[in-house]
Amino acid sequence: MAWDEWEQLKSDAAARGSGSARMQLNHVAPIEGSTTYGDLKVTNADLAAIGKEAHSLYDQLWKKARVAQPASESAAGDLTTQGFTLGKGLKHVHQRWEDQLNSLLDACAQIANHMHVTQKIHGGNDGYIARTMSSIDTLDAGFDDRVGAPGKKNPVYENPKPKKKQ
């Protein structure tokens, strides 16, 4: 970006913000036609779909992108043996292709595996949170000193019993 363009963008921003730079945090504009703000929500179906697509891409790359590898490696060896410098270049291209393909295959496998693990972890977290919240309600009910209506003291605690003499 040219310096003049940057200066123009800064002055435009200053004019819109009454001379001071402004930043908004923790805010997303409402979705058009909605009264709610954009919360991040991902369902297990969404995670499964992403994982399935990553696995499908992995399978396609494995089947189709590896087809030319043995032929190009063999051709590079033959050309080098015959004294052509093109063989060295072809071998270099073949090696780069293999490195990039392996990186892409690894990335697809990691995405697919991560989505699968994320489903299990978050499913377990949801269950744990539900169990924890329900046990808090149970504990709260057990520690409630009220016997009658809210705001009134429990009569058991109004008159302390005299201590026995020893």
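What follows is a walk through the fold, the surface and a few residues of this predicted model. Because the model is predicted, local features need pLDDT of at least 70 and side-chain atom pairs count only at pLDDT 80 or more, while totals for chains, interfaces and linings use all residues. Residues are numbered from 1 along each chain as its sequence is written, and side-chain values use heavy atoms, with hydrogens and water left out.

Start with the overall fold. The protein has four helices and zero strands, in the order α-α-α-α along the sequence. Helices (H or I, at least four residues) and strands (E, at least two) are DSSP runs, numbered from the N terminus. Of the contacts with a separation of 6 or more, 55% are between residues 24 or more positions apart; a contact here means heavy atoms within 4.5 Å.

Next comes the surface. The protein exposes about 14,600 Å², with carbon and sulfur atoms supplying 58% of that area; accessible areas come from the Shrake-Rupley method with a 1.4 Å probe, and for residues only the protein chains shown count as cover. Of the 166 residues, 11% count as buried. Buried means under 20% relative accessible area, exposed means over 50%, and partly exposed is in between (1.4 Å probe, protein chains only).

Helix 1 spans residues 3-16 and includes Trp 3, which is exposed because its relative accessibility is 61%.

As for charges, side chains of opposite charge can pair when their charged atoms come close. With a salt bridge taken as a side-chain nitrogen of Lys or Arg within 4 Å of a carboxyl oxygen of Asp or Glu, the count is two. One links Glu 7 to Lys 10, with the closest N and O atoms 3.5 Å apart. These two sit about one helical turn apart, because they are three residues apart in helix 1. Glu 7 is partly exposed at 31%, and so is Lys 10 at 39%. Arg 96 and Asp 99 also meet in a salt bridge, at 3.1 Å from N to O, and lie three residues apart in helix 4.

Helix 4 (residues 86-142) also holds His 94, which counts as buried because its relative accessibility is 6%. Neighbours within four places in sequence aside, His 94 touches Gln 69, Ser 72 and Glu 73.
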